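Work through the exercises below with the sequence and the model at hand. Each task is followed by a solution in steps.

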Amino acid sequence: MDILGSLAQGFAVAATPINLLYCFLGALIGTAIGVLPGLGPPATIALLLPVTYGIAPTSAVILLAGIFYGAMYGGSTTSILLNIPGEAASVVTCLDGYQMARQGRAGAALAVSAIGSFVAGTLGIIGLMLLAPPLANFALKFGATENTALLVLGLMMVGYLGGGSMTKGLLMAALGLLLGTVGLDPIVGSPRFTYGVFKLAEGFQFILVAMGLFGIGEVLVNVERSIKPEVLQTKIKGLLGSREEWRQATAPLARGSLLGFLIGVLPGGGAIISSFISYALEKRLSRHPERFGRGAIEGVAAPEAANNAAATSSFIPLLTLGIPGNASIALIFAALLIHGIRPGPLLIQERPEIFWGLIASMYLGNAMLLVLNLPLIRLWVKLLQVPYPLLAPFIVVFVLVGAYSVNNSATDVGFTVIFGLLGYLMRKFEFEPAPLVLAMILGPQLEASLRRSLIYSRGDLLVFFERPISATLLALALLMVLSPLIRRLLQRKFWEIVGPVPEK
C-alpha cells in the first residue's frame, strides 16, 4: 500500500507539464539516437549533460533516463531494416530481424520488437519498483567496510562483464582509478599528481572525460568507417503480426524479460550482455535451432525484451547502492551529482520525489515510445538516409560548446579534445572506454570508504574479513578475478579425461 501511495505521488511529479515534456523529449531523442547508427546513448547523454544544468534535478534525470531506455527501442529498427545495429544492444536482433525483413516480414519483426520492448520495459519497472526499496533498506546497514567490499566487487564485475577481454577491461578500470586520484586529497587536502599545474588541482572533471571519450571519440571512429546505410527496399506491412507469430514470440518475450532484468541488476551487466545471452538461451531451448539466423521470430523477441528489461533494472544498483552499472547509468549518476544529489540508500528517504517521479516517468515514457515507434516507423526510415558526414561536424561543435560551458574555460575544451583522441585510440585498439569511466566514478568512493575503514580499524586489514557481508563480497570479487584461470584448468582437466579425438 505504501508503494502504491508513493507511486501515486510519483505520478503527481511526473505528470506535470514540464516533466511530461522532458519525458517526451527523452523518449524522442533516445529513439532517434537508437535509429541512427554511430551515436549511442552514452555519447548522447554526455553531450546533453551541460544542457541539464539549468533545469530541475527531477526533470534532468527524467530526460536522461528517457534517452537511455528510448535508445533500446530505436536500435531495433536499423537492425531489422538495415542489418546495422543502431545501438550495441541490438546487434543480435540483426541476425533474424533482417532475415525476416528480406522475407517480407519486416512489419511483424518491428511489431514484436516494439510491443515486446514495451512489455519487457513495463515488467522491468514493476520489478524496479518492488525490489529497490527493500534493497535500499538493507544497504543502510552497510558501513564503510561493506561499502569498500561492494565497490571492489563492482569494479571487478565491470572489468569482467564490460567487454570482450577481462584484462583490457581491468586495465581501463585501473587507468580510471588513477585519473580519479588526480587533484586534492579528499582527507588531508594536499595536491596529488598536479605537477604544479593549478588546473589539475580540480582533478579531471568527469563530464569532460565522458564528452571526449564518448562524443568526439565515437564521431572520429564513425567518420573513419564511412558506412553508407542502405535501407532494405521492402514494403512494411502487417504491423501487428499474425496470431501464430505472437504465439511463437510469447514465451521468449517472458524469458527474455526475466533474464534481462536479472542481468541488468549486475554491475557491468546491462543491455548488451543480456541480449546475447537471451538469444543463445532461446536457440538452446528451441526444438528447431536451425531456424535461428534465418528469420526466427524468437530471435527478435527474446533479445529485444532482454535489453529493454536490463536497461530498466540497471537503475537498481544506482538508486539503491549508488553504484552505476554501465556507462549510460554512470552519466546519469554524474548528472545527479552535478545537482548536489547523491544516489544511494538514502535517496528514497531523502528525495522521494526524484525516485518515485523517475519510476512514474518510466511508465509514461514506455507508453510514449510505443506510440512513437510503430506509427512513425516510416519517419525513422527517412532519418536513416541522413548522411553521417553531415551530422558529425554538428556533433563535434556541440561537444566543444558544451565543454566550454562547464566552467567557461578554454582549458576544459583542450582536455575534452585530448580525451576524445584517447577515446578514438582506445576504440582502434579494441579497449572499451566504459570501465575507465565507471572506475573514475567509483574510485573516489572506494578510496574514501577504504580510508575510513582503515581509520576505524586502526590500520587492521583483517577488518574486511571479520565482517560476514564484507568477507562474502570480497570472496566473490576474488572468484571473479580467478574465473578465467579456473575455467582454463577445468578445460584442461576435461580434455585429460576425454582424451584426444581419434582420426577417422
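The model is predicted. Buried residues make up 54% of the 504 residues in the protein.

**Exercise 1. Overall make-up**

Solution: 

**Exercise 2. Asp96**

Task: Locate Asp96, decide whether Asp96 is buried or exposed, and list what Asp96 touches.

Solution: 
- Step 1. Asp96 belongs to helix α5, which covers residues 93-102.
- Step 2. The relative accessible area of Asp96 is 0%. Buried means under 20%, so Asp96 is buried.
- Step 3. With residues up to four places away in sequence left out, Asp96 touches Tyr279, Arg291, Phe292, Gly293, Arg294, Gly295, Ala296, Gly299 and Val300.
- Step 4. Ile80 is 16 residues from Asp96 in sequence, and their C-alpha atoms are 7.9 Å apart.

**Exercise 3. Aromatic rings**

Task: Count the aromatic pairs, then classify the pair of Tyr279 and Phe292 and say which parts of the chain this pair ties together.

Solution: 
- Step 1. The count of aromatic pairs is seven.
- Step 2. The ring centres of Tyr279 and Phe292 are 5.5 Å apart and the planes make an angle of 80°. Planes over 60 degrees apart count as edge-to-face, so this pair is edge-to-face.
- Step 3. Tyr279 is in helix α11 (residues 270-285), whereas Phe292 is in the loop between α11 and α12 (298-313), so the pair ties together parts 13 residues apart in sequence.
- Step 4. Both Tyr279 and Phe292 are buried, and both are among the residues that Asp96 touches.
- Step 5. Elsewhere, one aromatic cluster is formed by Phe204, Phe415 and Phe419.
- Step 6. A charge over a ring is found at Phe431: the charged end of Lys168 sits 5.0 Å from the ring centre.

**Exercise 4. A surface patch**

Task: Place Leu485 in the secondary structure, classify its accessibility, and name the patch to which Leu485 belongs.

Solution: 
- Step 1. Leu485 is found in helix α22, residues 468-498.
- Step 2. Leu485 has 47% relative accessibility, so Leu485 counts as partly exposed.
- Step 3. Leu485 is part of a nonpolar surface patch with Leu476, Leu478, Leu479, Val481, Leu482, Ile486 and Leu489. Together the patch residues have about 680 Å² of accessible area.

How values were computed: Residues are numbered from 1 along each chain as its sequence is written. This is a predicted model: local features need pLDDT of at least 70, side-chain atom pairs count only at pLDDT 80 or more; totals for chains, interfaces and linings use all residues. Side-chain values use heavy atoms; hydrogens and water are left out. Patches are made of residues with over 30% relative accessible area and no salt bridge: like charges are joined within 9 Å, nonpolar side chains (Val, Leu, Ile, Met, Phe, Trp, Tyr) within 5 Å. Accessible areas come from the Shrake-Rupley method with a 1.4 Å probe; for residues, only the protein chains shown count as cover. A salt bridge is a side-chain nitrogen of Lys or Arg within 4 Å of a carboxyl oxygen of Asp or Glu. Helices (H or I, at least four residues) and strands (E, at least two) are DSSP runs, numbered from the N terminus. Buried means under 20% relative accessible area, exposed over 50%, partly exposed in between (1.4 Å probe, protein chains only). Rings of Phe, Tyr and Trp (its six-membered ring) pair if their centres lie within 6.5 Å; planes under 30 degrees apart count as stacked, over 60 as edge-to-face and the rest as tilted. A charge sits over a ring if NZ of Lys or CZ of Arg is within 6 Å of the ring centre and within 35 degrees of the ring normal. Contact means heavy atoms within 4.5 Å.
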